[in-house]
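Please keep the structure in view while working through the points below.

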Amino acid sequence: MHPDDDGSALWDAEAAAFDEPADHGLRDPRVRDAWRALLLGLLPPAPATVADLGCGTGTLSLLLAQDGFLVEAVDFSPRMVELARGKTAGVPGVRVRQADAAHPPLEAGSCDVVLCRHVLWALPDPALVLERWTRLLTPDGRLVLVEGHWSNGAGLTAEQTVDLVAATGRTATVTQLREAVYWGREITDERYVVTG
């Protein structure tokens with residue numbers, strides 16, 4: 001999904017089982033519908049161009065492409081990219097590339113949306129990454145950052161993410177995602193989406 005100290009091998013190893021959690025694979029129609037409704041409420045109308053950075057197995061890329069969005073999906077892990085390409089094969093409007101989400105191979109000003117889910121927290125310098133990502137956006141483009149601060153202490157709090165977005169000069173809005181329908185189970189930690 002994204003680079004870390006262990007390199008892509010860690011995420012290659014995770015790939016086979018990555019879609020098993022309800023919020024990863026979106027195999028449960030209720031969970032899928034909840035994510036679809038959430039994202040459609042946050043994104044500009046299709047066919048807006050969405051950069052899905054750290055796309056994993058391509059679940060959100062597929063979901064958005066099926067709704068008419070143009071999706072540029074990027075992931076660091078060769079195995080994740082292979083699965084994402086398989087999942088989106090034959091679906092118009094989606095391109096999956098193997099690259100570092102922190103340095104996506106996309107042109108400045110080419111994206112209406114930069115979307116990432118549970119990626120920013122794990123990158124070495126989130127502030128610098130957000131500066132890069134904002135350069136990808138059109139003048140009216142937006143960041144859509146799904147993040148969390150999990151019970152094991154990992155992640156970013158909503159306040160931290162808002163501060164990171166604000167440092168780019170953007171106004172950040174938080175939507176808490178406490179409802180079990182997003183995760184396929186009840187949660188006790190902090191999960192949210194920040195738009196900017």
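Asp 67 is partly exposed in this predicted model, its relative accessible area being 25%, and its side chain meets that of Arg 36 in a salt bridge with an N to O distance of 2.6 Å. Because Arg 36 belongs to helix α3 (residues 29-42) whereas Asp 67 sits in the loop between α4 (59-66) and β2 (70-75), the pair ties together parts that are 31 residues apart in sequence. Arg 36 is likewise partly exposed, with a relative accessible area of 35%.

**Other salt bridges**

- The structure holds six salt bridges, and one of them joins Glu 72 to Arg 97, whose closest N and O atoms are 3.1 Å apart.
- That pair links distant parts of the chain, since Glu 72 lies in strand β2 and Arg 97 in strand β3 (residues 94-98), 25 residues apart.
- Glu 72 is buried, with a relative accessible area of 15%, whereas Arg 97 counts as partly exposed at 21% relative accessibility, the cut-off for burial being under 20%.
- Arg 79 and Glu 82 form a further salt bridge, with 3.1 Å between the closest N and O atoms; the two residues are three apart in helix α5 (residues 78-88), and are therefore separated by about one helical turn.
- Arg 79 counts as partly exposed, at 30% relative accessibility.

- Within α5, the residues Met 80, Val 81, Ala 84 and Thr 88 are buried.
- When the helix is viewed down its axis, the buried residues of α5 fall within an arc of 100°, so they line one face of the helix.
- The face turned away from this buried side carries Glu 82 and Gly 86, both of which are exposed, and Glu 82 is also the residue that pairs with Arg 79 in a salt bridge.
- Gly 90, which follows α5, has a positive phi, near 80°.

**Nonpolar cores**

- The largest nonpolar core contains 33 residues, of which Trp 35, Leu 43, Leu 64, Leu 115 and Leu 177 touch the most other members.
- At least two residues of this core are supplied by each of α3, α4, β2, α5, β3, β4 (111-117) and β5 (137-149), and the largest share, six residues, comes from α3.
- Leaving aside residues up to four places away in sequence, Trp 35 touches Asp 23, Leu 26, Leu 63, Arg 117, Val 146, Leu 177, Tyr 182 and Trp 183.
- A second, separate core comprises 26 residues, among them Cys 111, Leu 136, Leu 145 and Val 165.

**Overall architecture**

- The protein contains seven helices and seven strands, which follow the pattern α-α-α-β-α-β-α-β-β-α-β-α-β-β when read along the sequence.
- Of its 196 residues, 52% count as buried.
- Among the contacts between residues at least 6 apart in sequence, 65% join residues at least 24 apart.
- The protein exposes about 8,700 Å², and carbon and sulfur atoms supply 50% of that area.

Key:
Residues are numbered from 1 along each chain as its sequence is written. This is a predicted model: local features need pLDDT of at least 70, side-chain atom pairs count only at pLDDT 80 or more; totals for chains, interfaces and linings use all residues. Side-chain values use heavy atoms; hydrogens and water are left out. A salt bridge is a side-chain nitrogen of Lys or Arg within 4 Å of a carboxyl oxygen of Asp or Glu. Helices (H or I, at least four residues) and strands (E, at least two) are DSSP runs, numbered from the N terminus. Buried means under 20% relative accessible area, exposed over 50%, partly exposed in between (1.4 Å probe, protein chains only). The arc is that of the directions from the helix axis to the C-beta atoms. A nonpolar core is a set of buried Ala, Val, Leu, Ile, Met, Phe, Trp, Tyr and Cys residues joined through side-chain atoms within 4.5 Å. Contact means heavy atoms within 4.5 Å. Accessible areas come from the Shrake-Rupley method with a 1.4 Å probe; for residues, only the protein chains shown count as cover.
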